[in-house]
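This report describes a complex from its sequence and its coordinates.

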Amino acid sequence: MKSKVNRELPDELMQKLDYKPFETTEIGHPEIQRVAPKVHVSTGDDKIVDSIKQVVADTVKDGMTISFHHHFRNGDFVFNQVMRVIIDAGIKNLTLAPSSLTGVMNDMVIEAIKAGTITNITSSGMRGSLGDFVSHGGLENPVIFRSHGNRARAIEHGDIKIDVAFLGVPSADRLGNANGMEGNAVFGSLGYALMDAQYADQVVLLTDNIVDYPNTPASIKQTQVDYVVKVDKVGDPDKIGSGATRFTKDPKELKIASMVNDVITHSPYFKDGFSFQTGSGGAALAVTRYLRQAMIDNQITASFALGGITKPTTDLLNEGLVKKVMDVQDFDKGAADSMHTNGNQQEIDASWYADPDNKGAMVDQLDVVILSALEIDTKFNVNVMTGSDGVIRGAIGGHQDAATGKLTIISAPLVRGRIATVVPDVTTVVTPGDSVDVLVTEFGIAINPKRTDLIAVLSNIPGLPVYKIEDLQKMAEKRVGTPKPLAFTDRTVALIEYRDGTIIDTVKEVKD
Amino acid sequence: MEIKKTAIAGTLESSDIQLMISQADSGIAIDLQSDVKKVFGDQIEAVITTTLNEMGVTAAKVKAVDKGALDCVIKARTIAAVQRAAETTATPAWEVL
């Protein structure tokens, strides 16, 4: 069978896992049933546990699904401590269902797979040695990649049934009231972990900072928590986010950013009360700077900024150019600190942020979104998962979710080194072209032919050349040459879900 | 053109290629390292070989560390490395450039 973006899907696997192929970006109005977690009733006076070993012995059994959050990013000390104990306890056949996997976890995951401790993985993404390991067939069962919104949907549906969630926090009290804003290793919003806290059968908090009861503000509440474990350190604050965000000086990125800004300001969405989401890349940060000036010049303010938040965005909040920041995660210390001090920066969970099966998610209200791409093809399909060698090295993140915004802009250089970004067909379809509106490269822009309205308003702007995306693809190929097609085996190493839980594409084992 | 000594051209910067050419008894042997070897390895080796042939080099060992260079860069670095290895930098063979 094929998904609507013309990708062949393995029939046997699709049947075995009861999957349907991706059809449409429209979610419609289905009636759905959410699940509820088990509750182990307690007055809460006995939640403090001395050791990870003890809590693992009490909670984790063969065949369970365990979860973690990735808010500590590469400063995470929790994942490796817990997994070490689980591997050493000889527990087998676990499903690992974290919000995402960061580089610091890679070696431990590989060890756990080799030991038979982990036999299934669902994640937003993976990179480095783990992506390489999986792409070379290191895990027998295919990894299931889900966007942040889709993970929330899958948890609410029961597609992901978390038995035990291990959630590191920089501050908690003895009953488990916790937040990500106070303590040593602070990361700000607990957005992704809030799903685990709400839906896991057993919730284990790990913290290096047990504070007086009751701890407020309580992002995770005592009503959700079964155990609180004191550890030496939950994370390295220096590695959680980039320190001070520096604006790029790369002329190529600045040119792209300036053209992205032109697209936004000439679009019908740039008016008082508009909303936007930008990413954390160099060009995206530069866009925020251009946009700031455009908002001042035109006396326009934004009603909200959404998603992964950086300091340039919270600066706009402080200047009054953005009224609210809706914050599912913070990419730098400035943004994390701002969540603590600014009441207009609202912590939101992954469901509120982006879950399609909802009574309205924030992404549904989004006007302008700027996203990146490893590859984009002439059908506007975007790959953020596999690299130029076909190996897994990315994450869906909120890409599919935010792309449902009214004006979805992909900002990407035409070529990176010798690798074309604009290609005839992406290696892996993650976000379907139907939800992408404009591609901005340093040479010019391409508008999705379905958006005749945008073609009309963006076609005659000085300094903003408009090409057919096929022409941009040819320009790229003329510069770098025609690559030899990548070689894969027939074995499926990963499935890419669309945000509604259908399968849009697969990743095959690479042939070296 | 005869390779008289080992010589290097190019850098390890992004979009460049570093070539080290040294003597060999016969034939051209290329040892290529590149992040884009899977998709452009054959093309890179073809550009190096063609350039060597055009310069009349029939015996050489080439070690190439590619950082995503385009064909024009690969050709230029190959020519520079050969001229250094053949000690002809003072009298470049303009006609093959």
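What covers the buried residues of α11(A)?

## Helices α11 and α12 of chain A

The model is predicted. In it, the cover over the buried residues of α11(A) includes α10 (282-298), β13 (302-309), β14 (322-330), α12 (333-341) and β15 (345-347) of chain A. The helix itself runs over residues 311-319, and its buried residues are Lys311(A), Pro312(A), Thr313(A), Thr314(A), Leu316(A) and Leu317(A). Gly320(A) follows α11(A) and has a positive phi, near 80 degrees.

Helix α12(A) has its own set of buried residues: Lys333(A), Gly334(A), Ala335(A), Ala336(A), Ser338(A) and Met339(A). The elements that cover them include β13, α11, β14 and β15 of chain A. Helix α12 is in turn among the elements over the buried residues of α11(A).

## The nine-stranded sheet of chain A

An open sheet of nine strands is formed in chain A, in the order β15-β14-β13-β12-β16-β20-β24-β25-β26, with mixed pairing. At its edges stand β15 and β26 (466-467) of chain A; each has a single partner strand, so one side of each lacks a neighbour in the sheet.

## Strand β20 of chain A

Which strands pair with β20(A), and in which sense? Strand β16 (residues 368-371) of chain A pairs with β20(A) in the parallel sense over four bridges, and Leu371(A) stands opposite Ile410(A) in β20(A). Strand β24 (residues 438-440) of chain A also pairs with β20(A) in the parallel sense, over three bridges. In that pairing, Ile409(A) stands opposite Val438(A) in β24(A).

Strand β20 (residues 407-411) of chain A is largely enclosed by the rest of the structure, because five of its five residues are buried. In a regular strand, side chains alternate between the two faces of the sheet. Both faces of β20(A) are covered: one side carries the buried residues Leu407(A), Ile409(A) and Ser411(A), and the other carries Thr408(A) and Ile410(A), also buried.

## Domains of chain A

The domain assignment divides chain A into domain 1 (11-22 + 42-240) and domain 2 (251-481). Taken over C-alpha atoms, the centres of domain 1 of chain A and domain 2 of chain A are separated by 29 Å. The contact between the domains takes 30 residues from domain 1 of chain A and 32 residues from domain 2 of chain A.

On the side of domain 1 of chain A that touches domain 2 of chain A, the elements that give two or more residues are β5 (125-126), α5 (128-135), α6 (148-157) and α7 (193-199) of chain A. The largest share of this side, six residues, comes from α6(A). By residue class, this side of domain 1 of chain A divides into eleven nonpolar, 13 polar and six charged residues.

## Chain B

Chain B has two helices and four strands, which follow the pattern β-β-β-α-β-α along the sequence. The C-alpha trace of chain B spans about 35 × 25 × 20 Å along its principal axes. The radius of gyration of chain B, 12 Å, agrees with a compact globule, because a globule of 97 residues would have a value near 13 Å.

Of the 97 residues of chain B, 34% count as buried. Among contacts in chain B between residues at least 6 apart in sequence, 76% join residues at least 24 apart.

## Confidence of the prediction

For the complex, the predictor gives an ipTM of 0.87 and a pTM of 0.95. The mean pLDDT of chain B is 94, and 98% of the residues of chain B reach 70 or more. Where pLDDT is low, predicted coordinates should not be read in detail.

Note on methods
Residues numbered from 1 in each chain as written. Chains lettered and ligands numbered in written order. Buried ≥ 20, exposed ≤ 12 C-beta atoms within 10 Å, placed from the backbone. Pairing = 2+ DSSP bridges. Contact = placed C-beta atoms within 7 Å. Domains from an automatic or database assignment. Nonpolar A, V, L, I, M, F, W, Y, C, P; charged D, E, K, R; others polar. Rg over C-alpha atoms; globule rule 2.2 N^0.38 Å. pLDDT = per-residue confidence, 0-100.
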